[in-house]
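Trainee: I would like to learn how the terms used for a structure follow from its values. Could we go through them one by one?

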Amino acid sequence: QVQLVESGGGLVQAGDSLRLACVASTRTFSSYAMAWFRQAPGKEREFVAVISGSGGSTYYADSVPGRFTISRDNAKNTVYLQMRSLKPEDTAVYYCGAGSSMVPFTTERNLVTAYQYWGQGTQVTVSS
């Protein structure tokens, strides 16, 4: 069982930046692919980005490349999501998920079902 705890959300203005963090409680953190998803009110959870266990491979949703950066520190069991130039449409609850090390290299990497463990989420609200 892997427990994930997100932090770093908050209320910001359009154009601001935020860095989200997700800490995992596992001794084998580097064996998991880690992803960020988000869910806006009334919408389904959608893929944002994923990073491989080593951190050497990353993939992003078409809506965020260039503005968001996913990274990880395996020594700290932590994955990050750096968000820049935030827009009101980025408002959502942001979740981190952990999945098999192979997930980033498959066509399923953007699916909720590809990840076995989830955190409780952190709210990001961007005002215009």
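Mentor: Start with a definition: contact means heavy atoms within 4.5 Å. Keep in mind that this is a predicted model.

Trainee: With that in hand, which residues is G99 in contact with, leaving aside its neighbours within four places in sequence?

Mentor: G99 is in contact with S31, Y32, A33, A114, Y115 and Q116. G99 itself lies in strand β9, which covers residues 92-99.

Trainee: Why is G99 called buried?

Mentor: Buried means under 20% relative accessible area. The relative accessible area of G99 is 0%, so G99 is buried.

Trainee: How far apart are G99 and S25 in sequence and in space?

Mentor: They are 74 residues apart in sequence, and 14 Å apart in space from C-alpha to C-alpha.

Trainee: Now the whole chain. How many helices and strands are there in the protein chain?

Mentor: The protein chain has zero helices and eleven strands. From the N terminus on, every element is therefore written β in the order β-β-β-β-β-β-β-β-β-β-β.

Trainee: What makes the protein chain as compact as a globular protein of its length?

Mentor: The globule rule gives 14 Å for 128 residues, and the radius of gyration of the protein chain is 13 Å. The two values are close, so the chain is as compact as a globular protein of that length. Along its principal axes, the C-alpha trace spans about 40 × 30 × 25 Å.

Trainee: What share of the 128 residues counts as buried?

Mentor: The share is 47%. As for the accessible surface of the protein chain, that comes to about 6400 Å², with 47% of it belonging to carbon and sulfur atoms.

Trainee: What share of the contacts with a separation of 6 or more comes from residues 24 or more positions apart?

Mentor: Such residues account for 59% of those contacts in the protein chain.

Trainee: Let us turn to charges. Why is the pair of E46 and R38 called a salt bridge?

Mentor: A salt bridge needs a side-chain nitrogen of Lys or Arg within 4 Å of a carboxyl oxygen of Asp or Glu. The closest N and O atoms of E46 and R38 are 2.6 Å apart, so the pair meets the cut-off.

Trainee: Are E46 and R38 buried or partly exposed?

Mentor: E46 has 36% relative accessibility and counts as partly exposed. R38 has 7% and counts as buried.

Trainee: What does D90 share with R67?

Mentor: The side chains of R67 and D90 meet in a salt bridge, at 2.8 Å from N to O. R67 is in the loop between β6 (58-60) and β7 (68-73), 23 residues apart from D90, and the pair links distant parts of the chain. R67 has a relative accessible area of 12%, so R67 is buried.

Trainee: How many salt bridges does that rule give, and which residues are linked in a network?

Mentor: The count comes to three. R38, E46, R67 and D90 are linked in a network of salt bridges.

Trainee: Why is N110 called partly exposed?

Mentor: N110 has a relative accessible area of 38%, so N110 is partly exposed. N110 sits in the loop between β9 and β10 (115-118). Beyond its neighbours within four places in sequence, N110 is in contact with F37 and F47.

Terms used: Residues numbered from 1 in each chain as written. Predicted model: local features only at pLDDT ≥ 70, side-chain atom pairs only at ≥ 80, totals over all residues. Heavy atoms only, no water. Helix = DSSP H or I, 4+ residues; strand = E, 2+ residues; numbered from the N terminus. Rg over C-alpha atoms; globule rule 2.2 N^0.38 Å. Buried < 20%, exposed > 50% of the residue type's maximum accessible area, 1.4 Å probe, protein only. Areas by Shrake-Rupley, 256 points an atom, 1.4 Å probe, with all protein chains shown as cover.
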